[in-house]
Amino acid sequence: MTPSPVSSNPILRRTLIWSAVSALVLGLVAGGIGFAVAGVNGLWSGLLGVVLAVLFLGITAGSILFANRWFGDPIYVQLFFAIVLGGWLLKLGIFLVVMMLLSSQDWVVPLVFFLSIVAGVAMSLIVDVIVLTRMRLPNVSDITLPTTNPEDEPTGQAGETPPAASDGK
């Protein structure tokens, strides 16, 4: 498999890896606090909140990585936005279904669930900031520079010299 020419892929991959590792730590913390506050129901509410936050935030980075497979294709831009928008619509649909299913469950502790989702989103933003500040991405990327200087190539007819700026013409 050849590496992708899109220079943002390593940043997205590193973000996903760091998010997964920090989600494990946050899951332990949220589950522990939930258990201390509301017993087993709090444990499950805290873990579920972290899992949902990481899942929803991971869908965006995953859809961008998936869409970048078509980089260089003539319809890359259309495919990219269709895939990323499809990921957002998928997240919205999953969110609505999960919230409807969980609203009728007695074992969900709403405050623990909500705070663990908020902590998961904050954790993801912190990971994004750390990864983006430590990774180097050029201002102009994914382009090919010319190998020769176009000014060195003759542009006129043989023996003809371009007029000087001081000729007064």
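This is a predicted model: local features need pLDDT of at least 70, side-chain atom pairs count only at pLDDT 80 or more; totals for chains, interfaces and linings use all residues.

H1 and H3 pack at an angle of about 155°, with 9 Å between their axes, where axes are lines fitted to C-alpha atoms, for helices over the stretch in contact, and angles run from 0 to 180 degrees between N-to-C directions. That makes H1 roughly antiparallel to H3, since angles under 35 degrees count as roughly parallel, over 145 as roughly antiparallel, 65 to 115 as roughly perpendicular and the rest as oblique. The residues in the contact of H1 with H3 divide into 21 nonpolar, eleven polar and three charged.

Residues are numbered from 1 along each chain as its sequence is written, and side-chain values use heavy atoms, with hydrogens and water left out.

Turning to the other partner, helix H1, residues 9-67, packs with helix H2, residues 76-103, at an angle of about 165°, the axes being 8 Å apart, and that makes H1 roughly antiparallel to H2. The contact of H1 with H2 is made up of 18 nonpolar residues, three polar and one charged.

The ring centres of Phe 56 and Phe 95 lie 6.0 Å apart and the planes are at 70°, so the pair is edge-to-face; rings pair if their centres lie within 6.5 Å, and planes under 30 degrees apart count as stacked, over 60 as edge-to-face and the rest as tilted.

Finally, what lines the largest pocket? Its space is about 270 Å³, and of the 20 lining residues the closest to the centre are Thr 15, Leu 57, Ala 61, Ser 124 and Asp 128. H1 and helix H3 (110-134) are the elements that give two or more residues to this lining, and H1 gives the most, with eleven residues. By class, the lining has twelve nonpolar, seven polar and one charged residues.

Conventions:
Helices (H or I, at least four residues) and strands (E, at least two) are DSSP runs, numbered from the N terminus. Ala, Val, Leu, Ile, Met, Phe, Trp, Tyr, Cys and Pro count as nonpolar, Asp, Glu, Lys and Arg as charged, and the others, Gly among them, as polar. On a 1 Å grid over the protein atoms alone, a cavity is a set of points where a 1.4 Å probe fits but cannot get out, and a pocket is an open set with protein on both sides within 12 Å along at least five of seven lines; lining residues have an atom within 4 Å of a point. Grid points are joined across faces, edges and corners, and a volume is the space filled by probe spheres set on the points.
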